[in-house]
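Here are a few friendly notes to read alongside the model.

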Amino acid sequence: MTADSGHPGLAQRYYRASLSLAYVGDSRPTYAITLRSMSAQAVRMGHHRPAQHLADSAIRAAGRSAPPPVLAYLHVQRALTHAHNQQRQAAVSDLARAHRHHERGSGQPGPSPRIPWQGWSSRAPGPCSLWATPHRG
């Protein structure tokens with residue numbers, strides 16, 4: 001909302017705070033979704049290469065065991081960044097992955113729409129090994 005109201009710098013500070021809280025709270029999905037949101041902001045600002053880097057980082061941060069709705073959400077964003085960078089095949093591939101994750105996530109028990117990080121538990125050995133993109137505070 002802050003970025004949408006013309007304050008992208010303030011939005012970046014909020015995103016950094018969110019990354020810190022997600023890291024301290026051991027919430028990989030929240031960390032990944034924040035990186036995805038940062039990627040979306042970069043796309044809106046016309047910074048397509050950094051947007052793709054953030055989308056890639058979001059998928060790595062989520063890990064393969066993330067809930068399917070989270071993975072679908074992340075892959076859709078990465079598909080968008082591929083499209084903006086003229087990488088058609090990669091965009092189509094990510095859309096197909098998003099569709100598969102969406103299909104796997106549909107019908108799971110829980111409220112509708114399912115809160116992506118509901119019921120998440122990290123099985124990683126420690127916070128230093130959790131994310132592919134470390135937060136610099």
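1. A word on handedness before we start: a crossing is left-handed if the near helix is turned anticlockwise from the far one by less than a right angle, and right-handed if clockwise. In this predicted model, α1 passes α2 in a left-handed crossing.

2. Helix α1 covers residues 8–24 and helix α2 residues 28–44; their axes come within 8 Å and cross at roughly 165 degrees. Angles over 145 degrees count as roughly antiparallel, so that is how α1 runs relative to α2.

3. Which residues meet between these two helices? From α1 come Pro 8, Ala 11, Gln 12, Tyr 15, Ser 18, Leu 19, Ala 22 and Tyr 23, while α2 brings Thr 30, Tyr 31, Thr 34, Leu 35, Ser 37, Met 38 and Gln 41. By type, the contact of α1 with α2 has nine nonpolar residues, six polar and no charged.

4. Next comes helix α3, residues 48–62, which packs with α2 at an angle of about 170 degrees, the axes being 8 Å apart. The pair α2 and α3 is therefore roughly antiparallel too. On the α2 side the contact includes Arg 28, Tyr 31, Leu 35 and Arg 36, and on the α3 side His 48, Leu 54 and Arg 60 are among the residues involved. The contact of α2 with α3 divides into twelve nonpolar, three polar and three charged residues.

5. Finally, the rings. Arg 36 sits over the face of Tyr 73, 3.9 Å from the ring centre. As for aromatic pairs, searching the whole structure turns up zero.

Notes: Residues numbered from 1 in each chain as written. Predicted model: local features only at pLDDT ≥ 70, side-chain atom pairs only at ≥ 80, totals over all residues. Heavy atoms only, no water. Axes fitted to C-alpha atoms, helices over the stretch in contact; angles between N-to-C directions. Helix = DSSP H or I, 4+ residues; strand = E, 2+ residues; numbered from the N terminus. Parallel < 35°, antiparallel > 145°, perpendicular 65-115°, else oblique. Contact = heavy atoms within 4.5 Å. Nonpolar A, V, L, I, M, F, W, Y, C, P; charged D, E, K, R; others polar. Phe/Tyr/Trp six-rings, centres within 6.5 Å; stacked < 30°, edge-to-face > 60°. Lys NZ or Arg CZ within 6 Å of the ring centre and 35° of its normal.
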